[in-house]
Amino acid sequence: MRTQRCKGFGDLNAQEMTRFRSVEAAFQETARGYGYSEVRTPTLEYLHLFTSAGTLTSGMLKRVYSFLDWDGWSGERVVLKPDATIPAARLYIEQLADKGQPARLSYVTNTFVFDAAGGKNRERWQCGAELIGAGSAPADAELINLACDSLKRMGIGHYSLRLSHAGLIRAVLSGLGLSAAEQHAAFNRLLDGDKTVFAGLTAQIPGVAEALKLMLETRGRSVGFLKNLQSLFDDSAPDMKSAFTDFIATIELVEAAGLDYEIDFTAGKGFEYYTGFIFRLFASDVNVGGGGRYDRLVGMMGGADTSAAGFGLYIDRLSALVNIDRLYIPVAQRVSMDIEPSAMKAGMEVADILRRLEFVVLTAFCGNVAADCGWDVKVRAGEPQLSVTNLATGETCICQNSMELATIVGLG
Amino acid sequence: MNLRVALPKGRLLAPTAALLDKAGWGLEDYSEKARLYRLKSHIYPELTAKMFQEKDIPIQVAIGNYDMGVCGLDWLAEYTARFPSTELCLLRELGYGEGAVYAAAPPGLIADGVITTSGENVRIASEYPNLAESLALALRLRRFSIYPVWGAADAYPPENAEIVLLSRRSEAEIASAGLVSLGMLKTARACLIVNRKSLSKKDLSPLLDSLKGTAAAGDSSADIFNLTALAQRKRTLSEGDASVVRLALPDGHQQAHVRKILDAAGVMIEEYPSTTGVRRPKSSLEGFAITVIRPQDMPLQVAAGNFDLAITGRDWLTDHHYQFPGSPVKELLDLKYGRVRIVAVVANEVLADTTAELSDLRQREGGACRIAAEYVNIADYYARTNRLGAYRIVPTWGATEAYIPEDADVLVENTETGSTIARHNLKIIETLFESTACIIGSTRESQSAVKTTRIDAFVELMRRTMDVMG
């Protein structure tokens with residue numbers, strides 16, 4: 001029987017891994033520059049970490065990979081982590097909450113969500129950053145800048161930034177007279193991308209229908225748009241007023257940073273733990289990342305109430321967009337080395353010198369020159385001990401020692 | 001073209017037989033008195049049918065062993081709750097089969113959107129573990145434990161479960177079990193199910209046409225459960241609770257054996273076995289609370305700390321240990337009755353007389369090996385450690401010997417004498433181990449010295465009794 005991949009999971013071949021590492025490295029370098037420290041959380045977590053009311057949507061929870069561990073006789077299930085932020089928040093509560101400083105955490109991780117179609121997307125990779133313990137507009141702006149700078153460092157110059165605000169949407173829903181449960185359900189459906197929720201509501205409450213329609217169907221491109229909306233809604237409710245103030249402060253900073261953006265209230269992601277700004281990034285019409293503020297999550301998970309925000313960049317999608325030509329090692333940098341067994345020590349010395357000079361040195365098996373190499377080096381016990389052939393020109397040189405050989409190869 | 005249909009035993013047999021008779025399928029042997037599980041039609045020569053436990057039918061149709069099947073909507077829902085992208089789909093409701101799956105809780109446990117628990121987790125016991133998990137997620141329970149049980153779920157609350165999912169004919173039956181219904185989760189009416197690939201590739205129309213006009217108006221969406229999130233609150237255990245030894249005794253055919261031993265030990269016990277379904281019999285054992293549950297479910301219950309002692313079989317203890325190698329459950333005393341061998345079985349025609357030969361054969365022939373078993377963890381361990389290559393465990397709820405050859409290649413089964421196996425043209429290729437009834441307990445230290453003394457005294461009493469009984 002032919003060995004088969006698990007349905008819904010994919011390999012990353014050498015070229016795909018090069019792309020993956022390119023995205024990962026660009027993100028990590030950018031995050032380091034912003035003072036973010038890399039962490040890693042386990043693949044398995046307890047299911048209850050994700051079932052706390054208000055963490056993941058019911059739709060998402062139905063698709064988690066849950067099972068009983070080898071010591072799961074209590075009947076409590078574990079999951080392959082379906083989300084990266086919640087484990088990072090758990091790590092913060094367990095290890096960092098008592099430090100009294102904002103925690104800047106970054107990670108590269110996989111998450112697992114069942115997808116019935118069974119493509120290759122049941123395992124997803126993302127780069128993520130979480131800023132826990134800081135709750136101001138500058139914190140929001142820092143994360144948005146970090147995400148955008150990461151894309152730039154990946155070589156993705158053309159992207160769009162769409163911003164929304166969960167607190168403002170909730171305040172609007174609350175103003176429509178929805179009960180907490182209805183509000184929750186409507187918000188879940190909205191975050192799952194179901195715009196019909198609003199169609200129903202506007203029919204019920206015609207007084208605010210126009211304002212809601214404008215809010216949802218217009219893409220704003222300035223702080224002025226938010227101020228206009230604020231005028232249309234009755235912002236006497238404290239939640240509404242504070243949400244507008246919060247969102248305007250964030251947008252002002254984004255604008256001041258010179259970033260292009262759109263205000264798009266329907267921009268959501270399948271999570272319900274957001275409380276403040278939400279952003280999504282698109283490149284070539286593909287959603288390549290997003291995040292937002294989740295000020296209640298740490299408290300809901302048993303920690304002290306803590307402001308927090310974060311984002312994820314989707315490596316699987318970004319990998320397809322990055323240019324990796326610069327990462328290919330040219331043939332002239334690749335050396336095939338044929339070492340006679342009795343000359344192994346000398347051969348290893350030569351290989352070591354070349355590798356230090358950042359050449360790729362491949363062993364020639366059975367005397368066959370390794371593929372895609374620009375140089376063929378032979379190391380023998382008898383004379384001549386060292387020889388090198390430039391495979392592009394066919395020219396062969398006899399070398400007196402390793403350094404001479406390295407110089408010839410190094411100078412091309 | 002061969003058409004294969006899986007038909008139910010049990011509660012749906014008589015109305016299904018009547019329906020198929022009316023539809024003219026010609027399955028005359030399909031009756032309560034059927035001696036063979038395999039059925040042939042004298043009207044449709046291409047039709048073969050087989051009788052299964054109702055809950056086995058969705059699995060059999062989903063994996064493609066059968067093109068169509070008849071089962072309750074509850075078992076269809078239980079299967080699809082776990083495997084939403086299954087090849088299994090509902091063709092039509094059949095309009096008969098009483099009852100539904102209800103969620104229920106002890107009176108007073110849920111009030112004002114808060115459920116009171118005795119531990120960190122809300123414990124849900126059910127024969128429908130997948131529906132139970134869906135319910136827990138829908139109720140947004142923060143922490144929960146699902147106890148899959150083979151039966152007697154109503155025996156668990158309030159001490160050993162906060163919520164149960166039960167199949168009952170009406171809410172009145174829930175009330176008569178001393179529970180409060182939280183609502184109906186799924187109707188248990190009969191339905192016709194089909195494998196999607198069969199539907200797309202085979203001509204099933206003669207059978208489907210014959211059923212035209214027989215289906216009653218169904219309402220499979222009658223899930224009237226009003227789901228609102230439940231908060232959790234942990235209650236404090238009293239000292240009195242902590243010293244009581246919770247003893248699980250088996251229901252079913254083991255009861256007579258256990259009663260004999262208890263009588264010999266001088267333990268008075270009322271209504272065990274019970275003709276009225278009493279699940280908490282009174283006894284002369286001071287400081288003991290006895291509950292009667294299925295022996296299959298006992299190891300997990302002891303491991304989870306819901307019971308301190310239980311009388312079960314070593315087969316079920318071993319199955320539990322293969323699933324949970326670090327489990328704190330251990331055998332305390334061999335009761336030496338109910339001796340069976342747990343064996344691996346293949347058809348007589350298979351060219352293998354040992355597991356090693358079977359392993360070689362599987363490697364030569366390739367393809368996935370289907371292993372049917374009630375003991376799914378023993379079967380899994382057996383296949384894994386003996387390198388049977390690609391294999392699938394087909395869980396069954398009885399009558400496993402009828403699975404070979406069409407629905408399974410190997411069985412992991414228990415046998416007393418081997419005669420049933422031989423009668424089905426099967427052969428034993430390995431005896432995995434011998435099993436007898438035993439008392440099991442936990443290696444975890446009890447918080448109560450009084451309880452520990454009571455446990456030790458009970459086991460010692462049973463040991464002395466066994467010595468006297470020889």
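Helices (H or I, at least four residues) and strands (E, at least two) are DSSP runs, numbered from the N terminus. The model is predicted, and local features need pLDDT of at least 70, side-chain atom pairs count only at pLDDT 80 or more, while totals for chains, interfaces and linings use all residues. Residues are numbered from 1 along each chain as its sequence is written, with chains lettered from A and ligands numbered from 1 in the order in which they are written.

Chain B holds an open sheet of six strands in the order β2-β3-β1-β4-β13-β5, with mixed pairing; two strands pair if DSSP finds at least two bridges between them. Its edge strands are β2 (38-40) and β5 (88-93) of chain B, each of which pairs on one side only. On average, neighbouring strands of this sheet are turned by 30° against each other, direction ignored. Axes are lines fitted to C-alpha atoms, for helices over the stretch in contact, and angles run from 0 to 180 degrees between N-to-C directions. Between β2(B) and strand β3 (residues 47-52) of chain B there are three bridges, in the antiparallel sense. B:Arg38 has B:Lys50 in β3(B) as its bridge partner. Helix α1 (residues 13-23) of chain B packs on the sheet and touches β1 (3-8), β4 (68-72) and β13 (190-195) of chain B; the direction of α1 makes about 140° with that of β1(B). Helix α3 (residues 73-82) of chain B also packs on the sheet, touching β4, β5 and β13 of chain B, and its direction makes about 105° with that of β4(B).

Next come some loops of chain B. The loop between β10 (144-148) and β11 (163-168) of chain B contains B:Pro158, and a cis peptide bond with omega about 0° joins B:Pro157 to B:Pro158. B:Ala152 is in the loop between β10 and β11 of chain B. Phi of B:Ala152 is near 60°, a positive value in a residue other than glycine. Most residues other than glycine have a negative phi, and most peptide bonds are trans. B:Ala152 counts as buried because it has 20 C-beta neighbours inside 10 Å. The cut-offs are 20 or more other C-beta atoms within 10 Å of the residue's own for buried, 12 or fewer for exposed, and partly exposed in between, with C-beta atoms placed from the backbone.

B:Glu374 sits in the loop between β20 (369-373) and α13 (376-385) of chain B. This residue is buried, because 21 other C-beta atoms lie within 10 Å. Leaving out residues up to four places away in sequence, B:Glu374 touches B:Thr396, B:Trp397, B:Gly398 and B:Thr400.

Between the chains, 25 residues of chain B are in contact with 18 residues of chain A. On the side of chain B that touches chain A, α4 (129-138), β10 and α10 (298-303) of chain B each supply at least two residues. β10(B) gives the most to this side, with three residues. The residues of this side divide into 13 nonpolar, eight polar and four charged. In this division Ala, Val, Leu, Ile, Met, Phe, Trp, Tyr, Cys and Pro count as nonpolar, Asp, Glu, Lys and Arg as charged, and the others, Gly among them, as polar.

Chain A has an open sheet of three strands in the order β2-β4-β3, with antiparallel pairing. β2 (44-46) and β3 (65-67) of chain A stand at the edges with a single partner strand each, so one side of each is left without a neighbour in the sheet. Three bridges join β2(A) to strand β4 (residues 78-80) of chain A, and A:Tyr46 has A:Val78 in β4(A) as its bridge partner.

Helix α5 (residues 137-153) of chain A has 17 residues, and at 1.5 Å a residue it should span 24 Å, which agrees with the 24 Å between its end C-alpha atoms. The expected span is 1.5 Å times one less than the number of residues. Buried residues in α5(A) include A:Ala139, A:Leu143 and A:Leu146. A:Gly155, with a positive phi near 90°, follows α5(A).

A:Asp285, in the loop between β9 (277-283) and β10 (286-293) of chain A, has a positive phi of about 65° although it is not a glycine. A:Asp285 is exposed, because 6 other C-beta atoms lie within 10 Å.

Key:
Contact = placed C-beta atoms within 7 Å.
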